[in-house]
Amino acid sequence: MKRLILTLLLFSFIISCTKKETTTEKPATTQNPNEALIKQYYEYFNTHEWTKMAEMYADTADFKDPSFGTEIVKQTHQQTSTKYAELNKIFPNLHDEVVAIYPSGEKHITVEFISTGTAADGSKFVLPICTIFTIENGKITKDFTYYDNFQE
């Protein structure tokens, strides 16, 4: 009988120690600095702060975007800011809804998002887009964006 009680006490002690260990663990909250940069990027996009958004790029960054054709195009801060400001004139309520952010290695972040907007004539668009960002020294050096640009 003493052996049974001792076994139960030992078993209870082990369980209580295990519970203490799991309840004192802190959840991982460390965010990848590149992921934080990209979240800030979309905040600037959605508030139409084109100059601030453009300054997140290197002085000259590589862009691959169906609107530029099939080749890589180099753009300065001013060219990037102007491009989005002109797009914003056509679609005043331009908005990107991030679906998911996928960090990949030390320099890459892939973002899946839905871009929406309404033109002055009332025509609307809803466009699923995927962008692969390359980030070096805290700046976006490459922005490779993919979407279906064929009209129905």
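Predicted model: local features only at pLDDT ≥ 70, side-chain atom pairs only at ≥ 80, totals over all residues.

**A chat about the sheet and the pocket**

Me: How do S4 and S5 pair, and over how many bridges?

Reply: S4 and S5 are antiparallel partners, with 11 bridges between them. They make a hairpin with five residues between the two strands. In that turn, Gly122 has a positive phi of about 90°.

Me: And what about S5 and S6, how do they pair?

Reply: S5 and S6 also run in the antiparallel sense, over seven bridges. Two residues lie between them in a hairpin, and Asn137 in the turn has a positive phi of about 55°.

Me: Which residues in S6 are the bridge partners of Glu136 and Thr131?

Reply: Glu136 has Lys139 as its bridge partner in S6. For Thr131, the partner in S6 is Thr145.

Me: Zooming out, what is the strand order in the sheet?

Reply: There are six strands in an open sheet, and the order is S2-S1-S6-S5-S4-S3, with mixed pairing. At the edges sit strand S2 (73–76) and strand S3 (95–104), each pairing on one side only. From one strand to the next, the twist averages 25°.

Me: Nice. Now the helices: which strands does H2 lie across?

Reply: H2 lies across strand S1 (57–64), S3, S4, S5 and S6, and it runs at about 170° to S3.

Me: What about H4, which strands does that one lie across?

Reply: H4 lies across S1, S2 and S4, and its angle to S2 is about 90°.

Me: Changing topic, how many salt bridges are there?

Reply: The structure holds five. One of them joins Glu35 to Lys39, where the closest N and O atoms are 3.7 Å apart.

Me: How far apart are Glu35 and Lys39 along helix H2?

Reply: About one helical turn separates Glu35 and Lys39, because they are four residues apart in helix H2.

Me: On to pockets. How much space lies in the largest pocket?

Reply: The largest pocket holds about 860 Å³ of space. Its lining is made of 31 residues, and Leu87, Phe125, Leu127, Ile129 and Tyr147 lie nearest the centre. Helix H2 (33–46), helix H4 (77–90), strand S4 (108–118), strand S5 (124–136) and strand S6 (139–146) each give two or more residues to that lining.

Me: Which element gives the most to the lining?

Reply: That's S5, with seven residues.

Me: How do the lining residues divide into nonpolar, polar and charged?

Reply: The lining of the largest pocket has 17 nonpolar, six polar and eight charged residues.

Me: You mentioned Tyr147. Where is Tyr147 found?

Reply: Tyr147 is in the segment after S6. Setting aside neighbours within four places in sequence, Tyr147 is in contact with Asp65, Pro66, Ser67, Leu127, Pro128 and Ile129.

Me: How far apart are Tyr147 and Ser67 in sequence and in space?

Reply: Tyr147 and Ser67 are 80 residues apart in sequence, and 9.8 Å apart in space from C-alpha to C-alpha.

Definitions and conventions: Residues numbered from 1 in each chain as written. Heavy atoms only, no water. 1 Å grid on protein atoms, 1.4 Å probe; cavity = no way out; pocket = protein on both sides within 12 Å on 5 of 7 lines; lining within 4 Å. Points joined across faces, edges and corners; volume = space filled by probe spheres on them. Nonpolar A, V, L, I, M, F, W, Y, C, P; charged D, E, K, R; others polar. Pairing = 2+ DSSP bridges. Axes fitted to C-alpha atoms, helices over the stretch in contact; angles between N-to-C directions. Contact = heavy atoms within 4.5 Å. Salt bridge = Lys/Arg side-chain N within 4 Å of Asp/Glu carboxyl O.
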